[in-house]
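Welcome, and thanks for taking a look.

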Amino acid sequence: MGFRCGIVGLPNVGKSTIFNALTRAGIESANYPFCTIEPNVGMVPVPDQRLDKLADMVNTKNKVNARMEFVDIAGLVSGASQGEGLGNQFLGHIRQVDAIAHVIRCFVDDNIVHVGESIDPLRDRDIINTELILADLESVRKRLDKTRPQAKSGQKGAREQLAFLEAMEKHLDHGLPARTMELDDTGRELLRELFLLSAKPVLYVANVAEAEINSGNPWVEELKQAAAEEQASLVMISGAIEEELSHLDEAERTDFLEDLGQSEPGLNRLIRTGYELLGLITFFTVGEKETRAWTVVRGSKAPQAAGVIHTDFERGFIRAEVISWQHLIDCGSESKAREKGLMRLEGKDYTVQDGDCVNFRFNV
């Protein structure tokens, strides 16, 4: 099960620096536009203290984190929807991701050029949003050209589609991303069919100077307010700090973070927030040989979760033996949890909860 989060932004805002720190991939980052041309892809473990505690409890031989795929996409410039810069490639790569992490520069550094010649996070955010909206407008209008004749001829469902498309065109034409439009169930289904760029969930990443990692700055506050207005998340990190952390061993990282007054790397917050942005949850399988975190979409039923492990588990699903991770930790073992009656059997209609520890019973 693959979930892709694209890292986007204007040139020289710190995208590739953050991606390098995420993946330790050593991808080139440089002080000129379009250093990233082809998208770089990295699989990143999702930090999870619950998994760590479960693995320690059973002294597991192999611990496996859930993973997310991050894609470092070429810097975008104004006019991308008309093919400016690497616009066509940028927009094509955005279509292939499930969510967008939009890195925005909120720091001053005279040694790093800014394509806008000044630091202005709201302007930078609007440039990217506008290009996605313009590309979506073109897609909607092409679809309208096909749908209008179908509606006139009475083709089934065409009138509903036409009404939706006209409303979406008006919404986009007002400079509003598709994700902010209020929709009923029919509208949400039609929106999925359009694959609009501005419909993708967005996480804003405020890249600040090392000295401002605890205090933030007025630019971050502006961006935070703007993100809240469109119901988007925001994570504040320092690309410079994360790059330095990526070259340190565990003990050195801990000391460095303590000196900074930070409890964990900012990238951990970025990964977790991206995971939540995609509507994902984690369940665990726990054992001495392997303790593992598995990813499912929120709302998944027990057979679907079983299928993430192996298709045979879903095909032959009988029951799921379930306990919350905290109850299992409190008991200290599955046997003690059973003695206390905390291990319960659930059927095919059970909705898996974040943090469930599960044993699947199946027969094929």
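In which strand is threonine 285 found? Threonine 285 belongs to strand 8, which covers residues 280–285. Please keep in mind that this is a predicted model. The points below begin with this threonine and then move on to the cores and the helices.

**Threonine 285**

- With a relative accessible area of 16%, threonine 285 falls under the 20% cut-off, so threonine 285 counts as buried.
- Its side chain has a polar contact, at 2.9 Å, with the side chain of tryptophan 294.
- Setting aside neighbours within four places in sequence, threonine 285 is in contact with Glu290, Thr291, Arg292, Trp294, Ile309 and Val358.

**Nonpolar cores**

- There are 40 residues in the largest nonpolar core, and the ones with the most contacts inside it are Ile18, Leu22, Phe70, Val205, Leu270, Phe284 and Cys357.
- Helix 10 (residues 266–277) supplies the largest share of this core, with five residues.
- Apart from this core lies another, made of 28 residues, including Ile94, Leu197, Ala206 and Val208.
- As general background, nonpolar side chains in soluble globular proteins tend to be buried together.
- Which residues does cysteine 357 touch, not counting those up to four places away in sequence? They are Leu54, Phe284, Val286, Glu321, Val322, Ile323, Ser324, Trp325 and Leu328.

- Helix 6 spans residues 185–194, and its buried residues are Gly187, Leu190, Leu191 and Leu194.
- Viewed down the helix axis, these buried residues fall within an arc of 105 degrees, so they line one face of helix 6.
- The face turned away from that buried side carries the exposed residues Asp185 and Arg192.
- What do the buried residues of helix 6 pack against? Their partners are helix 4 (121–152) and helix 5 (158–173).
- Glycine 187, which sits in helix 6, is buried with a relative accessible area of 4%.

**The ends of helix 6**

- At the start of helix 6, aspartate 184 places a side-chain oxygen within 3.2 Å of the backbone nitrogen of threonine 186.
- Phenylalanine 195 follows helix 6 and has a positive phi, near 55 degrees.

**Helix 4 with helix 7**

- The axes of helix 4 and helix 7 (residues 218–229) come within 9 Å and cross at roughly 40 degrees.
- The two helices are therefore oblique to each other.
- On the helix 4 side the contact is made by Pro121, Leu122 and Arg125, and on the helix 7 side by Trp219, Glu222, Leu223 and Ala226.

**Isoleucine 329**

- Is isoleucine 329, with its relative accessible area of 23%, buried or partly exposed? Isoleucine 329 is partly exposed, and buried would require a value under 20%.
- This isoleucine is found in helix 13, residues 325–331.
- The C-alpha atoms of isoleucine 329 and methionine 57 are separated by 7.2 Å, although the two residues are 272 residues apart along the chain.
- Residues up to four places away in sequence aside, isoleucine 329 touches Lys53, Leu54 and Met57.

Key: Residues are numbered from 1 along each chain as its sequence is written. This is a predicted model: local features need pLDDT of at least 70, side-chain atom pairs count only at pLDDT 80 or more; totals for chains, interfaces and linings use all residues. Side-chain values use heavy atoms; hydrogens and water are left out. Buried means under 20% relative accessible area, exposed over 50%, partly exposed in between (1.4 Å probe, protein chains only). Helices (H or I, at least four residues) and strands (E, at least two) are DSSP runs, numbered from the N terminus. The arc is that of the directions from the helix axis to the C-beta atoms. Contact means heavy atoms within 4.5 Å. A polar contact is a pair of N or O atoms within 3.5 Å; within protein, one must be able to donate a hydrogen and the other to accept it, and residues adjacent in sequence count only if both atoms are side-chain atoms. A nonpolar core is a set of buried Ala, Val, Leu, Ile, Met, Phe, Trp, Tyr and Cys residues joined through side-chain atoms within 4.5 Å. Axes are lines fitted to C-alpha atoms, for helices over the stretch in contact, and angles run from 0 to 180 degrees between N-to-C directions. Angles under 35 degrees count as roughly parallel, over 145 as roughly antiparallel, 65 to 115 as roughly perpendicular and the rest as oblique.
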